[in-house]
Amino acid sequence: MADQTLENLSTEERRFEPPADLAADANVKEEAYDRAASDREAFWGEAAERLDWGQRWDQVLDWSNPPFAKWFVGGTLNAAVNCVDRHVDAGNGDKVALHWVGEPEDDTRDITYADLMDQVCRAANALTELGVQKGDRVAIYMPMIPEVVVAMLACARLGAPHTVVFGGFSADALASRVIDCGAKVILTADGGYRRGAPSALKPAVDEAVAKVAASGVESGVEHVVVVRRTGQDIAWDDTRDVWWHDVVDAASAEHDAPMHDSEHPLYVMYTSGTTGTPKGILHTTGGYLTGTSYTHWAVFDLKDDDVYWCTADVGWVTGHSYMVYGPLANGATQVMYEGTPDAPHKGRWWEIIAKYGVTIFYTAPTAIRTFMKWGDDIPAQHDLSSIRLLGSVGESINPEAYIWYRKNIGGDRTPIVDTWWQTETGQIMISPLPGVTAGKPGSAMKALPGISIDVVNDEAESVGNGNGGYLVIREPWPAMLRTLWGDDQRFIDTYWSRWDGLYFAGDGAKLDNDGDIWLLGRVDDVMNVSGHRLSTTEIESALVSHPKVAEAAVVGAADDMTGQAVCAFVILREAAGDGGPDIVEDLRKHVAKEIGAIAKPRQIMIVPELPKTRSGKIMRRLLKDVAEHREVGDVTTLADSTVMDLIKSKEGSSSED
Ligand code: PRX
């Protein structure tokens with residue numbers, strides 16, 4: 001964090017004024033802030049007018065029963081119609097919606113809005129044939145192929161909430177999500193391409209379906225629909241499995257879209273919290289689509305001829321809001337890429353930007369730091385002059401990465417929008433507006449028009465400029481989560497109970513002397529690894545489920561590349577002895593199996609004891625000192641203050657990835 005303070009930057013580096021050409025032509029002007037502040041509901045009502053509604057709403061916001069918000073009460077709409085049909089109806093059927101790029105070279109598809117409409121209608125009919133009805137949940141576990149977008153929109157069209165599970169998650173993680181939301185159909189693929197080789201997905205689905213059946217839930221998974229992507233051999237269950245191409249291609253391309261209530265559930269996205277079980281964040285239709293489409297248009301200053309590329313995987317909320325719903329509702333042309341940035345060479349992303357003339361590029365600081373490590377000469381070999389705007393999301397962008405990004409990718413001319421938001425907020429909440437707000441490397445700057453953010457102390461008092469505290473949201477916003485799937489109480493406890501009437505985001509933040517916001521990272525037991533949220537407790541539970549493990553404590557330690565890295569301290573059971581020579585690798589594999597490869601600890605230390613207070617609480621702060629190779633802090637509150645010496649003595653023998 002130290003390098004993010006203003007003091008460490010020279011004056012020239014601190015502030016980039018908005019370019020004059022952008023300012024003149026910006027979608028949103030300075031006046032929007034005041035207008036939104038003077039009548040927030042009228043402002044969001046106007047944003048909602050950008051969508052097509054069946055029935056117009058009677059009331060913009062019903063906040064009579066906080067924290068349960070209702071937006072655009074009485075309104076009806078169809079998200080898929082807003083993302084697809086209305087662009088075709090407006091005469092833009094030939095406009096490219098997706099320049100899809102597969103990982104194997106020359107494996108590309110351009111999909112127009114008319115193509116997308118054809119596919120979405122067929123898929124909606126196919127799902128109906130398979131028994132999917134409005135309100136049924138559908139799980140989607142797919143690689144980054146066009147069918148994943150079609151699948152999401154087909155579900156939205158039917159009013160069947162989808163839950164997309166990141167393809168890198170394990171069978172166990174998929175099963176627990178399917179069980180939690182009661183999905184009866186899973187849409188998947190045989191596999192996808194990653195780092196030059198096909199990787200499998202269907203076997204994990206088979207395993208997950210068996211787990212769901214074994215869990216004793218009332219209704220299991222009735223169908224698995226499989227896209228043939230790689231052609232690899234897969235097991236097949238004739239009673240349950242169908243090929244996507246058999247059912248979708250055979251279905252009619254005509255589909256009458258029903259209108260759904262503005263508050264009809266659109267999707268559930270699971271995310272890590274401070275406890276072991278992931279939370280099912282529920283987003284609904286009208287407010288979510290209003291919030292994502294407006295912010296996509298405003299923050300990225302989207303114009304008709306832009307070519308936009310968000311590199312997020314669709315398995316995360318960024319893929320939902322800023323690859324599917326926001327950009328498609330705005331009729332944008334975008335790039336979608338299946339693979340990794342280094343396949344088959346480290347210039348792949350820049351080659352794609354040059355080929356398609358990408359104008360707006362949105363990625364994560366962890367990727368930027370990786371490119372910095374690979375060297376300036378790699379992007380320099382490609383023509384990136386089409387780019388006019390850069391975006392960043394997932395964690396604070398450290399000033400060094402910001403400046404590198406601007407210079408090497410943005411040709412030292414493009415603004416950078418550092419966007420702060422969360423799975424829960426659904427839409428971008430804090431960001432500069434290009435053409436309006438200056439950029440300061442490391443600061444996400446200001447709450448967007450219509451958004452009320454504050455930084456408060458323990459007593460919920462605003463800290464004021466120049467001070468730090470907790471980031472909170474004071475007023476409801478359209479794309480806010482409505483609840484946690486099936487658990488209203490946990491929704492209240494997690495976000496709304498710390499201070500009356502304030503949404504607690506879980507982040508620390510500081511206001512500088514100009515009142516601009518600097519995010520300081522999580523203040524709870526949630527880690528941020530490569531922009532992905534992981535829960536310490538969830539990884540601890542995974543470790544403890546290994547037969548050789550008695551106890552485990554996990555901390556997020558600072559990491560140059562990934563922001564934070566998972567570091568685990570493990571006590572083995574007596575009967576396991578020293579665990580054997582492969583114990584560390586076994587445990588890492590076990591975590592990957594339980595959760596997914598992204599949760600694998602970078603470092604595992606086998607220790608004889610854990611530092612605990614007299615009441616038995618693990619003092620993670622001290623473990624963090626060890627993981628970050630620092631002098632260990634104050635140990636006086638430990639039940640046994642010699643424990644840290646024991647742990648330190650093991651430090652040299654730990655395994656680091
Ligand atoms: O800690 C903040 C961090 O990511 C968390 C939200 O994670 P998730 O729900 O997975 O969504 C990630 C993509 C929106 C936040 O609580 N975060 C996200 N964006 C930023 C950020 N921290 C600092 N600056 C950002 N721009």
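Which residue stands opposite Gly191 in strand 10? In this predicted model, where residues are numbered from 1 along each chain as its sequence is written, local features need pLDDT of at least 70, side-chain atom pairs count only at pLDDT 80 or more, and totals for chains, interfaces and linings use all residues. Side-chain values use heavy atoms, with hydrogens and water left out.

The residue opposite Gly191 is Ala200. Strand 9 (residues 191-194) and strand 10 (residues 197-200) run antiparallel and are joined by 4 bridges, where strands are DSSP runs (E, at least two residues) numbered from the N terminus and pairing requires at least two DSSP bridges between two strands. These strands form a hairpin with 2 residues between them, and Arg195 in the turn has a positive phi of about 50°.

A second hairpin is made by strand 26 and strand 27, again with 2 residues between the strands, and Ser530 there takes a positive phi near 50°. Strand 26 (residues 526-529) pairs with strand 27 (residues 532-535) in the antiparallel sense over 4 bridges, and Val529 stands opposite His532. In a regular strand the side chains alternate between the two faces of the sheet. Both faces of strand 26 are covered, with Val526 and Asn528 buried on one side and Met527 and Val529 buried on the other; buried denotes under 20% relative accessible area, exposed over 50%, and partly exposed in between (1.4 Å probe, protein chains only).

Among the helices (DSSP runs of H or I, at least four residues), helix 12 (residues 317-329) has 13 of its 13 residues buried and is therefore largely enclosed by the rest of the structure. Gly331, which follows helix 12, has a positive phi near 70°. Asp488, found in helix 17 (residues 488-496), counts as partly exposed because its relative accessibility is 41%.
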